[in-house]
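Take a look at the protein shown here.

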Amino acid sequence: MKALVTNCTRNSGLTALRALAGAGWSVLGADDRLFPLGLHSRFSGAPYERLPAEDDPLFAPALLDLLDRVRPDVLIPTRGIETACRIRAEVARRSRSLLPSPDAFEGLMDKARLFERCAALGIPAPRSFEPDEAIRFLKQDPGAKVVVKPRRDVGGGQGVHFVADADRLAEIHESVVAAHGAAVITEYVPGPTENLRAAHLLFDSESRLIAFFVLRKLRIWPPQVGITVAADSTHETGLVERLLPLFRDLGWQGPADAELKIDDRDGEAKVIEINPRFSGAIHFPIACGVNMPLLFCRAALGERLEEASRPRYPPGMRYLDLGRWLAGVAAELREPHSSLSATLGRAWGELHGRRVGSVYEFTDPAPVLAKLLMMLPVHRRLLSRTAREDFRPGPGSGDRA
């Protein structure tokens with residue numbers, strides 16, 4: 001069987017590619033950028049194919065053209081999923097996949113709609129405000145704080161602001177709207193990083209949960225709004241069960257990454273956001289025995305898998321994104337009021353435990369070398385042929401740098 005995986009130069013796509021190849025699948029990778037010198041994972045059956053950026057109008061025709069040329073049995077769009085959802089009928093004529101309806105996709109991407117749906121279903125989520133309400137809320141409680149962020153997810157914590165000053169709220173809100181088109185304002189959920197949870201979920205075409213994995217975050221980078229760089233696996237199945245009515249209501253199929261935070265005030269886990277895609281930390285559940293990309297493919301091909309009602313992975317496993325983890329520890333040490341002994345003690349604890357390996361394996365050296373090259377200024381010249389204006393769909397669109 002053959003699969004096409006997008007986003008293969010980033011963690012989620014690279015991990016999915018490896019997971020499928022390890023299960024005996026033939027896998028092709030595609031992305032809107034290429035590694036320098038034509039480098040690619042040895043688990044890809046051929047050099048990576050090139051696609052435009054996911055927000056480029058050329059993305060949809062280029063994806064369909066690529067599907068026509070390589071004819072994969074399954075498409076896993078870890079990048080460009082919004083476009084794939086819009087053209088899912090055309091995708092279905094060329095390949096199998098698990099793609100939610102555009103309305104369902106927007107129901108998760110649009111945070112305002114997500115919080116409204118959570119409220120209607122009785123799923124705990126932070127209180128939402130209009131700008132004037134948020135200003136009054138901050139003025140009434142000097143210790144209060146709100147979060148201003150883009151209404152639609154842009155990834156990596158971009159555009160997220162924590163605001164305690166009522167006089168600055170309007171200005172910050174306007175800046176986020178100007179940069180991202182629309183913003184949402186919610187009450188800040190108090191609690192340390194260790195209160196953060198992520199539930200990786202996978203649903204089949206009937207909106208049945210076929211796999212899940214829950215992690216407790218230990219460190220994120222950048223602080224407060226960044227990606228997970230240290231985490232433990234947990235068996236908090238109650239968090240998953242509480243979310244299921246939402247996905248049934250949406251008629252969801254495919255992956256989702258639900259981000260929650262346990263509120264220090266009442267102990268309830270509240271939905272912060274839900275990303276309609278595989279997480280960048282998908283390596284963690286796969287390394288713990290939950291091969292979500294493989295289950296995605298099996299379900300997409302019509303296999304009726306057992307519903308996931310209990311954890312199928314060990315608790316207490318440790319995930320570490322070493323490079324970004326080191327950056328996080330270094331930043332904490334530079335904070336004005338940080339304690340050297342406390343910071344190093346915390347870091348020492350995060351280094352220990354039953355750890356899974358890194359997504360960058362020396363048994364697959366090309367992605368490691370490529371990432372190192374991309375850290376150098378010279379990488380702009382090595383990647384010069386992958387600029388958007390050079391892209392042309394059709395035969396030859398997989399030209400390498």
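The paragraphs below go from confidence to cavities.

Start with confidence. This is a predicted model. Its average pLDDT is 91. Of the residues, 94% score at least 70. One stretch needs care. Over residues 385-401, pLDDT stays under 50. The model still gives this stretch 45 contacts beyond four places in sequence. Where pLDDT is low, predicted coordinates should not be read in detail.

Now look inside. How many cavities of 30 Å³ or more does a search of the whole structure find? It finds two.

Take the largest cavity. It holds about 40 Å³ of space. Ile76, Pro77, Thr78 and Ile81 are among its lining residues. Pro255, Arg277, Phe278 and Phe296 line it too. By class, the lining has six nonpolar residues, one polar and one charged.

Move on to the second largest cavity. Its volume is about 40 Å³. His200, Leu201, Pro255, Ala256 and Asp257 are among the residues that line it. Arg277, Phe278, Ser279, Ile282 and Met292 also belong to the lining. Two elements give two or more residues each: strand S9 (196-203) and strand S12 (254-262). Which of them gives the largest share? It is S12, with three residues. This lining divides into six nonpolar, two polar and two charged residues.

Methods
Residues numbered from 1 in each chain as written. Predicted model: local features only at pLDDT ≥ 70, side-chain atom pairs only at ≥ 80, totals over all residues. Heavy atoms only, no water. pLDDT = per-residue confidence, 0-100. Contact = heavy atoms within 4.5 Å. 1 Å grid on protein atoms, 1.4 Å probe; cavity = no way out; pocket = protein on both sides within 12 Å on 5 of 7 lines; lining within 4 Å. Points joined across faces, edges and corners; volume = space filled by probe spheres on them. Nonpolar A, V, L, I, M, F, W, Y, C, P; charged D, E, K, R; others polar. Helix = DSSP H or I, 4+ residues; strand = E, 2+ residues; numbered from the N terminus.
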